[in-house]
Amino acid sequence: MGLFATPSAPRRDRGRELSDSLRGPVPARFEALGEALVAGGDVDVVCAVTGRELARDGVDMAAALEGLRTTYAAVCSREPDFPATHALCLAWSEETLGYLHQLSCEDPLTGLATLAHLRTRLTEIYRGVEQRDATTTTSAGPGRALVVVELAPVRVHDRFEHALHVVRAVETVRLVFPGNETVAEMAPGRIGVLAHRTEQLGRQVAVLRGLLGQRTDHDVDGEGSMARVWIEGLPSSDAAAGVLLDELART
């Protein structure tokens with residue numbers, strides 16, 4: 001018999017709760033479903049609630065379906081029917097999709113863009129360059145550069161202390177680059193600023209070096225922290241830019 005069996009009436013002669021002999025084989029998180037099958041309750045509703053709970057707990061779809069199959073086999077000695085399977089899968093998918101929609105392209109602790117977001121921004125810029133070059137006879141390149149800030153290592157005891165160390169540096173970076181530049185953490189302690197390549201860029205980098213040099217974080221081998229700041233020119237192609245980011249992401 002396949003996964004989608006023809007529905008049949010659940011066993012009603014066991015009372016409204018699972019007996020000890022049935023409770024053992026029924027997987028964790030599926031006890032309510034087992035009781036609904038025994039009592040003849042609204043199985044589809046229970047499957048939907050179970051699907052949402054499993055998704056919240058990080059249980060994958062394969063494990064959820066296996067739990068459903070095991071529960072039906074233990075209580076009803078048959079495969080789950082289509083409505084129950086559909087209810088479980090639909091609720092699991094909706095809950096998972098809702099979680100994915102809440103994901104941000106920023107680190108919630110530091111407010112920095114992720115490396116993946118920086119990569120996406122670069123791809124968008126190169127795509128715009130390709131479209132522009134298709135209508136002109138000259139190429140001006142991406143017109144951007146990466147300003148890289150590498151913070152001195154700090155002895156920190158947990159992730160939150162590291163985040164605080166980075167946030168202090170980011171505040172300084174944003175003083176110098178207050179516009180719509182993408183600021184991302186490319187690696188632990190290494191920040192990248194996707195900046196416009198203008199005549200003022202060199203001066204901005206010099207100011208940033210000075211400000212970061214004046215900033216002092218204690219618990220850095222007993223001395224004030226210093227940061228390295230330099231400009232990385234962007235290559236002519238998106239693929240080469242991806243290789244550059246991969247290199248900068250290594251620590």
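How far is the sulfur of C89 from the closest cysteine sulfur, and in which residue does that sulfur lie? The sulfur of C89 lies 9.5 Å from that of C47, too far for a bond. The views below come from a predicted model, in which local features need pLDDT of at least 70 and side-chain atom pairs count only at pLDDT 80 or more, whereas totals for chains, interfaces and linings use all residues. Residues are numbered from 1 along each chain as its sequence is written, and side-chain values use heavy atoms, with hydrogens and water left out.

**View 1**
A search of the whole structure finds zero disulfides, a disulfide being a pair of cysteine sulfur atoms within 2.5 Å. The closest cysteine sulfur to that of C89 belongs to C47, at 9.5 Å. C89 is buried, with a relative accessible area of 18%; buried means under 20% relative accessible area, exposed over 50%, and partly exposed in between, for a 1.4 Å probe and protein chains only. C76 is also buried, with a relative accessible area of 13%.

Helix α4 comprises residues 61-76, which are 16 in number. Helices (H or I, at least four residues) and strands (E, at least two) are DSSP runs, numbered from the N terminus. From its first C-alpha to its last, α4 reaches 22 Å, close to the 22 Å expected at 1.5 Å a residue; the expected span is 1.5 Å times one less than the number of residues. The buried residues of the helix are A64, G67, L68, T71, Y72, A74, V75 and C76. At the start of α4, a side-chain oxygen of D60 comes to within 3.3 Å of the backbone nitrogen of A62. This is a polar contact, defined as a pair of N or O atoms within 3.5 Å; within protein, one must be able to donate a hydrogen and the other to accept it, and residues adjacent in sequence count only if both atoms are side-chain atoms. After the helix comes S77, whose phi is positive, near 55°.

**View 1. The salt bridge between D57 and R29.**
The closest N and O atoms of D57 and R29 are 2.9 Å apart, and the two residues form a salt bridge, that is, a side-chain nitrogen of Lys or Arg within 4 Å of a carboxyl oxygen of Asp or Glu. D57 lies in the loop between α3 (43-56) and α4, and R29 in the loop between α1 (20-23) and α2 (31-39), so the pair ties together parts that are 28 residues apart in sequence. Both residues are partly exposed: D57 has a relative accessible area of 48%, and R29 one of 39%. By the salt-bridge rule, the count comes to eight.

The side chains of R56 and E95 meet in a salt bridge at 3.2 Å, N to O. This pair links distant parts of the chain, with R56 in helix α3 and E95 in helix α5 (residues 82-102), 39 residues apart. R56 is exposed, at 52% relative accessible area, while E95 counts as partly exposed at 25%. A further salt bridge joins the side chains of R69 and E79 at 2.6 Å, N to O. Here R69 belongs to helix α4 and E79 to the loop between α4 and α5, 10 residues apart. R69 is partly exposed, at 31% relative accessibility, whereas E79 is buried, with a relative accessible area of 16%.

Six of the seven residues of strand β3 (residues 190-196) are buried, so the strand is largely enclosed by the rest of the structure. Seven bridges join β3 to strand β1 (residues 144-151), the two running antiparallel, and R144 stands opposite H196. Strands pair if DSSP finds at least two bridges between them. β2 and β3 form a hairpin with two residues between them, and G189 in the turn has a positive phi of about 80°.

**View 2. The four-stranded sheet.**
The open sheet has the order β2-β3-β1-β4, with antiparallel pairing. β2 and β4 (227-233) stand at the edges, each with a single partner strand, so one side of each is left without a neighbour in the sheet. Neighbouring strands of this sheet are turned by 25° against each other on average, direction ignored; the axes are lines fitted to C-alpha atoms, for helices over the stretch in contact, and angles run from 0 to 180 degrees between N-to-C directions. E150, R190 and R228 are linked in a network of salt bridges.
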